[in-house]
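Student: Hi! I've just opened this one and could use a quick tour. Can we look at it together?

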Amino acid sequence: MKLTTLKHALVAGAAIAILATGVASAQTAVTATLHADQPGAVIQPEVYGQFAEHLGRGIYEGVWVGEDSKIPNTKGYRNDVVAALKAIKVPLVRWPGGCFADDYHWREGVGPRDKRPTKVNVSWGGVEETNAFGTNEFMEFAELIGAKTYVAGNVGTGSPQEMAEWVEYMVSPTKSTIANLRRANGREQPWKLDYFGVGNENWGCGGQMTAAHYTDLYRNFAEFIRVPQGTKTQKIAGGANSDDYSWTETMMAGAAKNMDQISVHYYTIPSGRWSIKGSATKFDEQVWADTMVQALRMDEMITKHSAIMDKYDPQKRVGLAVDEWGIWHDVEPGTNPGFLYQQNTMRDAVAAAATLNIFHKHADRVRLTAIAQMVNVLQAMILTDKDRMVLTPTYWVYDLYKPFQGATSLPLEVDGPAYVMGKDSVPSVSASAGRDTAGVVHVALVNLNPNTPATVKIKLAGVAGKSAKGRVLTASTMSAHNTFDAPNVVKPAAFNDAQIKGATLTVTLPAKAVVVLDLT
Ligand code: AHR
């Protein structure tokens, strides 16, 4: 037996507590220290960004139903979805892809809708793309929900000129022909273009390029992203696939000074195999544990990409944008395989919360992320079925974690037994903390163990708060999820199992639970 395995076994044994009733009950005992007196970097609100691609029912039906739809809408945007997104304060939306971006020609998506060409969405299901949702619709949508804008440009089948003109269309205050085209299409003032991505996955669907080739193309295309003086659009370079560290090395060596951020994409595939990823709702405990192992790999990937970035950018000027992440399951039976429509359970919620804790820890480098995707696609916040909408467990995690947007991250070291299942071993409890701009400290605790509650004792250093209150997201089964007929199966509830005594916060976490506390 390896020493670490032996240690886990011993600690797991020590975690069996006999309750006063005489009934043996497993309880994981975890200790932690919160160093609120050693503040780290600010958790940029954009860490809570969303990805919305022209894919399946992500845009059409999910966000856009058109003004003539029977589904209640404002200027074509469905009211229920807009309200739900506003409620979680979505700080940023990335659009129009994804793979779709490197086939997208912006001029086809502006002007009178009945004159826009119908194309084939070659990336996703070969369905007709009417171009009804284009630049004006995206920018208006972002304004409607109060989100920053992240537009991904076309390197794969586009040109620097097309990209330059798209940017001009969006941001130019002049009376140039292109800026006047925007006016003719109903928008007088330039929009704020917060982020512009130079292509997407150019190692794959974005052109099958080598890192060296893309590095040169990136420098070329990025040079022509010109914005008016006094304004800033951050340039995001297309980054690595998961743990392809050599891509980051090549890009940083050749183009660090030409970029504001570099992206990385990492999807959690529960089975570890793209061919059979596994069902979103039908899985056993081994698959639960496999999912957690795969999700937590995010920490290692950020650490290793950041270390490479440190070599070329020790000042940490360049951000690492995790602009596609989340769990990728097999599609729901009977749905179009090209639409990537999947359900979302308590498992997705626990993995998402643990991943957000990882982002908090790396707030000095990770300043933007975009979970894939916002509505009806992959690990979605929201699912829709005609005029009905359901909020997923992952949505509720984003709701619980709202106080972390713009908070200063605080080191929170956790020590305790691992959750061991078969060959898998992960920490039982994942945690993070932050202090918001009003001075309130927030603590997030996630119990990755689906069976065993955990008692977490946190030593507090530099915390003024005397009471701990918050909300919990948990469920009776690992696969609990919300459906159109039963939309409230997984929903946050008030949480009162936390007390501060002296300088110790004690929390009893239910199994498979996400808790966020305010220390006031
Ligand atoms: O999010 C779905 C797809 O996953 C995106 O279009 C692509 O960038 C990635 O491979």
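Student: Which pocket does the ligand sit in?
Tutor: The ligand sits in the second largest pocket. Keep in mind as we go that this is a predicted model.

Student: Okay, and which residues come nearest to the ligand?
Tutor: There are 13 residues around the ligand, and those that come nearest are Glu 53, Cys 99, Glu 201, Tyr 267 and Glu 324.

Student: What classes of residue make up that shell?
Tutor: Seven residues of the shell are nonpolar, three are polar and three are charged.

Student: You mentioned Cys 99. Which of its atoms lies 2.9 Å from an oxygen atom of the ligand?
Tutor: For Cys 99, a backbone N or O atom lies at that 2.9 Å distance from a ligand oxygen. Asn 200 uses its side chain instead: a polar atom there lies 3.0 Å from an oxygen atom of the ligand. Gln 373 also has a side-chain N or O atom 3.0 Å from a ligand oxygen.

Student: How much of the ligand's accessible area does the protein cover?
Tutor: On its own the ligand has 290 Å² of accessible area, and the protein covers 93% of that.

Student: Switching topic: how many helices and strands are there in the protein?
Tutor: You'll find ten helices and 29 strands.

Student: And what does the C-alpha trace span?
Tutor: Along its principal axes, about 80 × 50 × 45 Å.

Student: How does the radius of gyration fit with a compact globule?
Tutor: It agrees, because a compact globule of 520 residues would have a radius of gyration near 24 Å and the protein has 23 Å.

Key: Residues numbered from 1 in each chain as written. Predicted model: local features only at pLDDT ≥ 70, side-chain atom pairs only at ≥ 80, totals over all residues. Heavy atoms only, no water. Near = heavy atom within 4 Å. Polar contact = N/O pair within 3.5 Å; in protein donor to acceptor, adjacent residues only side chain to side chain. Areas by Shrake-Rupley, 256 points an atom, 1.4 Å probe, with all protein chains shown as cover. 1 Å grid on protein atoms, 1.4 Å probe; cavity = no way out; pocket = protein on both sides within 12 Å on 5 of 7 lines; lining within 4 Å. Sits in = over half its atoms within 2 Å of the grid points. Nonpolar A, V, L, I, M, F, W, Y, C, P; charged D, E, K, R; others polar. Helix = DSSP H or I, 4+ residues; strand = E, 2+ residues; numbered from the N terminus. Rg over C-alpha atoms; globule rule 2.2 N^0.38 Å.
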